[in-house]
Structures are given as C-alpha cells and as structure tokens.
Amino acid sequence: MKSILLSLFIFTILLTGCGKNDCDQEPNLDVDDPRLQNEIAAVDSYLSGNGIDATEHPSGIRYVVASKGSGASPTLCDNVVVSYEGRLMSNGIIFDSNPGNPRSFALSNLIVGWQIGIPLIKEGGRITLYVPAQLAYGEREVGDIPANSNLIFEIVLFNVQ
C-alpha cells in the first residue's frame, strides 16, 4: 500500500511540475529576514574590501557579468549546461569545480542564488555570483561547505535545454 501511495505521490509531482506560468518567476524570498540582511552586509563588506564592483540584485545576491552571451536565456523550467567553480567567501577555498567538463542541471533544482543568477545571462555568458548563505545552503552543512557560508561562483552557461 505504501509503495502505491508513494508512486501516486511521485506521479502527481511529475504532472504538476513547472507550468508555463512558473517558468519566468523568481523564487519567493523573505528579503527582510535578519539573517539574510546580515549575510548581505557581509557580502557587501567582502566586495568593498576586495575592490569588486558588483551589481546588486533585490534578492541579495551580487553579481558581475563578464560576458552576457548571445544565445537563449534560461527560465526555471529549463535545464542548464554549465561549468563552474564554487569557493567559500570566508577563505577562498574551492569546494567544487568542473572546468572543461560541463554538467547539465535542472535550474529549478539548484540553489536559489543560481536560480536567480543564471537567468541574468544567455548561452555563452559568464557570470560571477556572490551568494548569501540563505540563498545557498543556509544552515545546512553540505560536503565541504560549512553551514551559514556565503559563497562565490564563477559560472559559464554553455547551453539551455
């Protein structure tokens, strides 16, 4: 019985996945959350201390577009093929990277910082995202990423599927 219910649940999720209206929407955020505000202040301090002129997004991410690209722009309902490098903002340690080995991801399954940041470029574009912890992994420790870590990502968008 449990397996039948689980199968029905999964089937329902698949049927109600990204609808046309969901594709152009950004994730819902509580930008007034004090934790997020403190993290944004720390990101801004990092940027000013390192002489980085980044664009502010209302969500709290900061970004620098190295190349806008000229292909398709992704939506939350797309898969994106990217190469990337992720670093801890606190000490610059690389926790993940895949240069020369692009990977495909469903954008809707990625951290909120990527869901917001990647659609700011088009295929062929390159962006650096400065992501407050609440828009990344928050209070969860994930692999080599400590809980409450502000993160930096260098991302190249190869393809939108």
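A nonpolar core is a set of buried Ala, Val, Leu, Ile, Met, Phe, Trp, Tyr and Cys residues joined through side-chain atoms within 4.5 Å; buried means under 20% relative accessible area (1.4 Å probe, protein chains only). The model is predicted: local features need pLDDT of at least 70 and side-chain atom pairs count only at pLDDT 80 or more, while totals for chains, interfaces and linings use all residues. Residues are numbered from 1 along each chain as its sequence is written, and side-chain values use heavy atoms, with hydrogens and water left out.

**Nonpolar cores**

- The largest nonpolar core has 30 residues, of which Val82, Trp114, Ile118, Leu129, Phe153 and Ile155 touch the most other members.
- At least two residues of this core come from each of α2 (34-49), β3 (79-88), α3 (112-117), β6 (126-131) and β7 (151-160).
- The most is given by β7, with five residues.
- Apart from this core lies another, of six residues, including Val43, Ala54, Met89 and Ile152.

**Surroundings of Phe153**

- Neighbours within four places in sequence aside, Phe153 is in contact (heavy atoms within 4.5 Å) with Glu85, Gly86, Phe95, Ile111, Trp114, Ile127, Thr128, Leu129 and Val131.

**Overall fold**

- The protein chain has three helices and seven strands, taken as DSSP runs (helices H or I, at least four residues; strands E, at least two) numbered from the N terminus.
- Along the sequence, these elements follow the pattern α-α-β-β-β-β-β-α-β-β.
- Of the 161 residues of the protein chain, 39% count as buried.
- Among contacts between residues at least 6 apart in sequence, 69% join residues at least 24 apart.

Conventions: Buried means under 20% relative accessible area, exposed over 50%, partly exposed in between (1.4 Å probe, protein chains only).
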